[in-house]
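Here is a short report on one protein chain. Look over the sequence and the structure, then read on.

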Amino acid sequence: MKKITLLLVIGALFIANASQAQLTVGLKGGLNFATADVTGVDVDNKTGYHFGAYAVVKAGPIGIQPEAYFSVQNLSSDAGDYDLSYLQVPVLLRLGILKVLYLNAGPQFGINLKAKDEDGDDFKDSLKGMDTSIALGAGLDLPMGLGAQLRWVKSLGNVSDVDGFDWKNSMIQASVTFALVGKN
């Protein structure tokens, strides 16, 4: 009930400020520093990448920032290397702190597109098709439509479909953004 009330209040703020709402649409890309908490396996960081699109609808300092992007989240462990690919769809609440600085937080929904080990063997069926995560981050709106973001993403649940085997993805993302429509 509290979540519904909060959503209604945020919605009312957007409706009340609709004449002042700003829309930005752009592209983003950057690096993923992925790891995972996996039962009985020591997992190391391995660098991947991401690219896609974002939108921001702002009414004053508060906004909503939906995104859709392709994300390669590689992992390295004592058992071998793993290449994971997801279509990530975060829906973030955005709060402007200063003219150029903002914070964002919200859910992220990842659709598992690929999971292969270092031998090229597919293990996608051993993972759930969806990885629901929490995303927390900060960003800078820079001149000429450019921006920079830093974000931490952590799985909320087990993404493994194997009984007794837990797997939770985690990553830090560093992104560069470019506004195509509107301004940051």
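## A buried serine

Ser-71 is buried, with a relative accessibility of 0%. Buried means under 20% relative accessible area, exposed over 50%, and partly exposed in between (1.4 Å probe, protein chains only). This is a predicted model, in which local features need pLDDT of at least 70, side-chain atom pairs count only at pLDDT 80 or more, and totals for chains, interfaces and linings use all residues. Residues are numbered from 1 along each chain as its sequence is written, and side-chain values use heavy atoms, with hydrogens and water left out.

Ser-71 sits in strand β4, residues 62–77. Helices (H or I, at least four residues) and strands (E, at least two) are DSSP runs, numbered from the N terminus. The side chain of Ser-71 makes a polar contact with the side chain of Gln-73, at 3.0 Å. A polar contact is a pair of N or O atoms within 3.5 Å; within protein, one must be able to donate a hydrogen and the other to accept it, and residues adjacent in sequence count only if both atoms are side-chain atoms. Neighbours within four places in sequence aside, Ser-71 is in contact (heavy atoms within 4.5 Å) with residues including Asn-32, Tyr-49, Leu-84 and Met-171.

## A buried glycine

Gly-110 belongs to strand β6. Its C-alpha atom is 7.7 Å from that of Ser-133, 23 residues apart along the chain. Among the contacts of Gly-110, leaving aside neighbours within four places in sequence, are Tyr-86, Gln-88 and Met-130.

| Residue | Strand | Relative accessible area |
|---|---|---|
| Ser-71 | β4 (residues 62–77) | 0% |
| Gly-110 | β6 (residues 101–117) | 0% |

## The core

The largest nonpolar core has 17 residues. Such a core is a set of buried Ala, Val, Leu, Ile, Met, Phe, Trp, Tyr and Cys residues joined through side-chain atoms within 4.5 Å. Leu-75, Leu-84, Phe-123, Leu-127 and Trp-167 have the most contacts inside it. Strands β1 (22–38), β5 (80–96) and β9 (167–181) each supply at least two of its residues. The largest share, 4 residues, comes from β5. Not counting residues up to four places away in sequence, Leu-84 touches Ser-71, Leu-75, Phe-123, Leu-127 and Trp-167, among others.

## The whole chain

The protein chain has 1 helix and 9 strands. Of its 184 residues, 39% are buried. Among contacts with a separation of 6 or more, 59% join residues 24 or more positions apart.
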